[in-house]
Amino acid sequence: MTERVRGALTVLLSAHRPEPGRRAHILSALLAVQEAFGYVQAEAVPLIADALAVTEADVAGVLSYYPDLYSVPRGRHVVRVCLGEACVANRSAALLESLCHDVGAGLGQTTSDGRLTIERVYCLGNCAVGPTVMVDEQIYGRVGPEELHTILQSHP
C-alpha cells in the first residue's frame, strides 16, 4: 500500500471512528473503503481494525461474510448472470458457461484486460423475462448469447 493510499485511508476512517462507549460500525467503514478504492485491500484490514478499535478478525469476518464486499480488484464492469429457478429453466446456466468461455474468465474472475468480472446471482426480480443478466446496475431480460455479446460491446 502506498503512502498516498495509506493517508487517504486514514482520513476516510477518521469519520468512522466509534464514539466512546459506542460499538464500531465495521460494515459501514468497509463499504466506505470499498466505495473509495474499489475494494478492500488485505493490507488495509489492520488499519481499519485499529481505527475502529476492533480486532483484525472482526474486520476480516465482516469482509468475508458479505458477498458485496470485495477483497480483490474487480473489472471495470461487473456482469451478473441470474441462476434463480426461473432463469435456469430458461438456460441461464448455459448462458453463463458461454459467457465464461467467450471472455476467457471463470465465475468470480476478472478478464485479463480488467474489463469484466463475472458473477452469479440467485434472483434479480426479473423472473418473467429470464434469463436475466445485470451489467453494472443495468438489468437485461431474455438474454441469449448473441444479445449478451451485443450488450457487452456497449460496455467498453
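Colleague: What rules apply to the numbering and to the values?

Modeller: Residues are numbered from 1 along each chain as its sequence is written. In this predicted model local features need pLDDT of at least 70 and side-chain atom pairs pLDDT 80 or more, whereas totals for chains, interfaces and linings use all residues, and side-chain values use heavy atoms, without hydrogens and water.

Colleague: What makes the 1 space found by the search a cavity?

Modeller: On a 1 Å grid over the protein atoms alone, a cavity is a set of points where a 1.4 Å probe fits but cannot get out. The search of the whole structure finds 1 such cavity of 30 Å³ or more. The volume of the largest cavity is about 30 Å³, a volume being the space filled by probe spheres set on grid points joined across faces, edges and corners.

Colleague: Which residues line the largest cavity?

Modeller: Its lining residues, meaning those with an atom within 4 Å of a point, are Met1, Val5, Leu9, Val33, Phe37, Tyr39, Gln41 and Ala44. Helix H1 (3-14) and helix H2 (26-37) are the elements that give two or more residues to this lining; helices are DSSP runs of H or I with at least four residues, and strands are runs of E with at least two, numbered from the N terminus.

Colleague: Why is Leu31 called partly exposed?

Modeller: Buried means under 20% relative accessible area and exposed over 50%, with partly exposed in between (1.4 Å probe, protein chains only). Leu31 has 42% relative accessibility and therefore counts as partly exposed. Leu31 lies in helix H2.

Colleague: What makes Leu31 part of a nonpolar surface patch?

Modeller: Patches are made of residues with over 30% relative accessible area and no salt bridge; nonpolar side chains (Val, Leu, Ile, Met, Phe, Trp, Tyr) are joined within 5 Å, like charges within 9 Å. A salt bridge is a side-chain nitrogen of Lys or Arg within 4 Å of a carboxyl oxygen of Asp or Glu. Leu27, Leu31, Tyr65 and Tyr66 make such a patch, of about 400 Å².

Colleague: What makes a space a pocket, and what is the volume of the largest pocket?

Modeller: A pocket is an open set with protein on both sides within 12 Å along at least five of seven lines. The largest pocket holds about 320 Å³ of space. Of its 16 lining residues, Pro67, Tyr70, Gly108, Glu119 and Arg120 lie nearest its centre, and strand E2 (residues 116-121) supplies the largest share of the lining, 5 residues.

Conventions:
Accessible areas come from the Shrake-Rupley method with a 1.4 Å probe; for residues, only the protein chains shown count as cover.
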